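The sequence and the structure come first.

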Amino acid sequence: MSCLLRAAAIICFGVTACQSSAPTNQEHQLQHEYKECVLAVTNVNVIPMTDNLVISGQTVLFGQSEIIEISKKGTGAVACDRIVDGKNRYLMPGLNDLHTHVENTAFQQGFGLPTETLPYDILLTPYLVNSITGIRILSGSPDLLAYRESVGHSDRAPHLVVASPMLSATPPVLPEPVTRIVDDPSAARAAIRDYAEAGYDFIKIRRNLSLPVYEAVIEEAHLVGMHVDGHVTQAAAGLDALLSSGQVGFAHLDEFALRISDELAIENLAEMLVECGCYVSTAIGVMPNIAEQIKNYDSLVAREEMQVMHPLLTNAFWLKPNNPYLREGAPVEFFDDLAQKTSDLVRPLYDAGVPLLAGSDAINPMIVPGYGLLDELDLLVEAGLSPFEALRTATAIPAKSVPGFEQSGFLEKGRKSNAVLLASNPLADLAVLGAPDAVILDGSYLDQQTLKGRLNEAIKTVKQP
Ligand SMILES: [Zn+2]
């Protein structure tokens, strides 16, 4: 129960203890002024993500939905339900993974798995324990929308932005209903109207749409006010035409790396992407990950983080003999080479101002939800970004560029009450993001013990036969 409900002044020690005594007049006034304050973190080093800086000695007041105040004086803390001492610790906005997939019922049906519903609370836990408070799912399903509705504002799941099922031509790379086949413009328009009505946030496309279908998709999506994101459509007549088509989002940086040639310099690509106002999910972990599967499959399988994966899914398309990358016997040199070319795009595109979005492409084979985003951030640093710049791709840049993330990405008054409390400075070393002291989700304080408990619960649940 909240200390405020007990109508008493609050003296709080550390993270939990509250003791009551009769309130003074000034405290009464503060309680009124900050009546919605559910959590205060005092005397903490704030990383606002507005710039590459740390502001020490701050008190941050969280409401259930938004940040109420950040200040040096911190007088409002006394009126909050809970006070946490942030001394020597760092508070930053929660991370976002802008390109993920979740094993929803569409996946289960598509891959012929038994369709008992996997609990989303469990499937999404790996994000929370890795400092991620928002994800964008690039292949939705009706049960995912229903789950989001049921969660509302709570501490059960990260903020969810959900794409439509993927629109694809015949033959689809992934089976229905993960994809919906649209072989003519009228079918495509009907699909988009369905998805707008169902409540999906944007439209996801695969690369094999015919040109008339692709154009119909873009036009209809604009009519219903939805962004189109996804693959580079093969039928488009050149990159120029593609980037002026009205498609706003692109899901893989490597698909642009493939286009770089004597005729197309990286600078030209950067210019075109800036010109069209397009954002690109990095997903630069995908290619090195495929190469690693070919070279060091056993060590990837042996990773500790694999224990959060449901065996239904890993057996269906991660492990031998069903892993598509191993089955197809692709030459490792191709993936190594493309990994390098993709990595080479990061610095120049970032410098040109192209909105690069950190995206893991979890549950692409061997990319583990949550953990995959932290790997992606490390790869962005290897590709030449500073830790601050890499963190911007998961915070500030999506906040400025992508519908559904406007309220996140910065630690400042009026933003969503999502943040992470860290034992050391992530701008010096990103590794601390893999073990946050606490995650703040819609104002709820999930401490290390709670996060650990949830992770153990998730591991236990997925192990059940
Ligand atoms: Zn994907």
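## Helix packing, pockets and backbone

In α10 (286-301), the residues Met287, Pro288, Ile290, Ala291, Ile294 and Lys295 meet Val332, Phe335, Asp336, Leu338 and Ala339 of α13. By class this contact has nine nonpolar, no polar and two charged residues. The model is a predicted one. The axes of α10 and α13 come within 8 Å and cross at roughly 150°. Angles over 145 degrees count as roughly antiparallel, and α10 and α13 are therefore roughly antiparallel to each other. Their crossing is left-handed.

Helix α13 (residues 332-352) also packs against helix α9 (residues 266-276), with axes that come within 9 Å and cross at roughly 45°. That angle makes α9 oblique to α13. The crossing of α9 with α13 is right-handed. On the α9 side the contact is made by Ile266, Leu269, Ala270, Leu273 and Val274, and on the α13 side by Asp344, Leu345, Pro348, Leu349 and Ala352. Nine residues of this contact are nonpolar, none is polar and one is charged.

A further pair is formed by helix α3 (residues 120-128) and helix α4 (residues 142-151), whose axes come within 12 Å and cross at roughly 80°. This makes α3 roughly perpendicular to α4. Tyr120, Asp121 and Leu124 of α3 are in contact with Asp143, Leu144 and Tyr147 of α4. The residues of that contact divide into four nonpolar, no polar and two charged.

| Helix pair | Axes come within | Crossing angle |
|---|---|---|
| α10 and α13 | 8 Å | roughly 150° |
| α9 and α13 | 9 Å | roughly 45° |
| α3 and α4 | 12 Å | roughly 80° |

The largest pocket holds about 930 Å³ of space. It is lined by 35 residues, of which Val173, Arg206, Arg207, Tyr325 and Asn364 are the closest to its centre. Helices α8 (254-257), α10, α11 (311-317), α12 (324-327) and α13 each supply at least two residues of this lining. The lining of the largest pocket divides into 20 nonpolar, seven polar and eight charged residues.

In the second largest pocket there is about 360 Å³ of space. Of its 15 lining residues, Val129, Tyr371, Gly434, Lys452 and Leu455 are the closest to the centre. Helix α17 (residues 448-463) gives the most to the lining of the second largest pocket, with six residues. By class, that lining has six nonpolar, six polar and three charged residues.

The remaining features concern the backbone. Most residues other than glycine have a negative phi, and most peptide bonds are trans. Which residues are joined by a cis peptide bond with omega of about -5°? They are Thr170 and Pro171, and Pro171 is found in the loop between β11 (166-168) and β12 (179-181). The peptide bond from Ala362 to Ile363 is also cis, with omega near 0°. Ile363 has its place in the loop between β17 (356-357) and α14 (371-382).

Ala283 is a residue other than glycine with a positive phi, near 45°. Ala283 lies in the loop between β16 (279-281) and α10, and α10 is in contact with α13 through residues including Met287 and Pro288.

Methods: Residues are numbered from 1 along each chain as its sequence is written. This is a predicted model: local features need pLDDT of at least 70, side-chain atom pairs count only at pLDDT 80 or more; totals for chains, interfaces and linings use all residues. Side-chain values use heavy atoms; hydrogens and water are left out. Axes are lines fitted to C-alpha atoms, for helices over the stretch in contact, and angles run from 0 to 180 degrees between N-to-C directions. Helices (H or I, at least four residues) and strands (E, at least two) are DSSP runs, numbered from the N terminus. Angles under 35 degrees count as roughly parallel, over 145 as roughly antiparallel, 65 to 115 as roughly perpendicular and the rest as oblique. A crossing is left-handed if the near helix is turned anticlockwise from the far one by less than a right angle, and right-handed if clockwise. Contact means heavy atoms within 4.5 Å. Ala, Val, Leu, Ile, Met, Phe, Trp, Tyr, Cys and Pro count as nonpolar, Asp, Glu, Lys and Arg as charged, and the others, Gly among them, as polar. On a 1 Å grid over the protein atoms alone, a cavity is a set of points where a 1.4 Å probe fits but cannot get out, and a pocket is an open set with protein on both sides within 12 Å along at least five of seven lines; lining residues have an atom within 4 Å of a point. Grid points are joined across faces, edges and corners, and a volume is the space filled by probe spheres set on the points.
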